[in-house]
Amino acid sequence: MWQNLSLRGRINLLLALGLAVNIGRQVAEAGPRVQAEDQSVIRLAREFIEMIVADLNEAPDPDARLNQIARDLSRLRHVSIALRDEAGRPLTQPRTDADDDTRAPPAWFVSLVHPEQTAVSVPVSIHGKPGSLLITSHPDDEIAEIWDAIVTQLEVGSVIALALFLVMMNVIGRALAPLQSLADVMAELEDGRYQARVAPGGAPELAAICTKLNHLAATLSDAIEDKRRLAERTVSLQDVERKEIARELHDEFGPYLFSLRAHASALAKQADGRAPNAEAVRKHGSAMLEQINALQQFNRRVLERLRPVGLAELGLRQALESLSRLWRESHPDVTIETVISPALGVTGETADLTIYRIVQEALTNVFRHAGATSVNVVIEPVAEAASDGRSCARVRVSDNGRGMEPGQKLGFGLVGMRERILALGGTLNVVSGDGGLTVEALVPTAAA
């Protein structure tokens with residue numbers, strides 16, 4: 001129940017409980033208080049009567065003196081004293097209680113506090129004639145005073161509680177006003193409206209929460225926008241990759257096929273002749289073999305771009321050596337040096353594929369754009385740890401080509417590779433200078 005109450009409801013409940021506890025304490029203390037007062041009055045009255053009646057027989061008129069004492073003592077506030085004969089019959093008029101100055105307590109309160117009166121009989125003997133003075137307690141005045149104090153406390157406490165309630169509601173209302181705005185902004189963020197912001201206000205703590213929420217909303221908006229751009233870039237990269245493959249098929253595969261067709265037609269004409277020229281046949285056959293070999297190399301490069309052949313079966317080292325050998329065969333004038341540290345160890349399938357793709361993309365850019373004569377590939381473990389605590393492998397591909405022009409942006413291949421590495425928790429940097437271009441990446445591995 002307490003957990004389901006609002007802050008205002010909790011404050012109201014605490015105020016009501018405080019007032020109820022105070023009233024309950026007074027009610028609980030009323031009984032012992034009245035009882036103690038009752039016993040004290042009875043004891044004092046009895047001692048007083050015993051003292052004044054001790055010398056009663058020495059008075060000139062003991063009966064008149066006794067009646068006077070009974071009448072005088074009947075005017076006491078909390079007790080009544082009645083004179084009785086030896087048979088217990090009253091010899092004086094009983095006291096009538098009348099109190100117009102205080103509010104009469106209800107019967108249930110009287111029954112709760114002091115349900116019955118206390119009476120004590122003090123024997124009196126005048127010239128051998130027995131009698132008694134009956135002392136009866138009358139705590140009505142004390143009970144009425146307690147009841148009046150409780151009612152006053154209830155009235156004053158209610159007024160104070162109401163005043164506190166109004167003040168607290170005003171203060172709390174002003175202090176908690178930003179909470180509704182916070183709830184509204186959170187609902188908008190949940191619905192996908194990430195531009196929603198809340199105006200900081202209220203207490204310093206709430207203002208700090210509002211500021212943090214705005215920062216969180218801005219960060220979330222940027223993350224969603226980055227995700228959208230990444231998805232858009234992924235689709236764009238796929239289209240660019242398809243265009244590149246289509247261009248290569250058109251620019252390289254097509255001419256080779258056209259040349260093969262021309263040589264095949266020439267051979268067919270030689271076969272139709274009566275005396276085939278052996279030298280021409282040999283020339284056309286050799287040309288066809290060279291073009292078929294070039295087609296095979298081109299086909300292997302396309303397949304390597306689509307999926308590294310032998311990476312899972314042979315491992316990262318053999319796959320990179322095969323990739324380097326393929327580029328050496330197609331570009332024998334460029335020196336490619338690949339160094340893989342023996343301390344690299346097992347990096348994991350995802351890291352292997354990522355490292356392979358980095359080297360592949362870097363070499364592709366070197367042979368397409370750099371005009372370099374030397375390329376160095378270094379792969380080694382590093383002490384830096386990824387965000388999740390995994391160790392990393394450093395991949396560095398550097399060339400002595402022309403580098404990048406000032407202000408030139410990265411190509412789609414390297415941009416896509418950077419996004420992929422960032423998703424894994426690593427980094428990729430491209431540094432261009434007079435001595436060429438360097439692509440360096442930190443790739444998280446499977447080793448902890």
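1. A quick word on terms: a residue is buried under 20% relative accessible area, exposed over 50%, and partly exposed in between (1.4 Å probe, protein chains only). At 54%, D191 therefore counts as exposed.

2. Keep in mind that this is a predicted model, where local features need pLDDT of at least 70, side-chain atom pairs count only at pLDDT 80 or more, and totals for chains, interfaces and linings use all residues. Numbering runs from 1 along each chain as its sequence is written, and side-chain values use heavy atoms, with hydrogens and water left out.

3. Searching the whole structure turns up 4 salt bridges, meaning a side-chain nitrogen of Lys or Arg within 4 Å of a carboxyl oxygen of Asp or Glu. One of them pairs D191 with R193 at 3.6 Å, N to O; R193 is partly exposed at 46%.

4. Now for the strands (DSSP runs of E, at least two residues, numbered from the N terminus). E380 bridges to R394, with the closest N and O atoms 3.2 Å apart. E380 sits in β5 (374–385) and R394 in β6 (391–399), 14 residues apart. R394 is buried at 16%, while E380 is partly exposed at 25%.

5. E440 and R396 also meet in a salt bridge, again 3.2 Å from N to O. E440 is in β8 (436–444) and R396 in β6, so this pair ties together parts 44 residues apart in sequence. Both are partly exposed, E440 at 28% and R396 at 26%. Through shared partners, salt bridges join E380, R394, R396 and E440 into one network.

How values were computed:
Helices (H or I, at least four residues) and strands (E, at least two) are DSSP runs, numbered from the N terminus.
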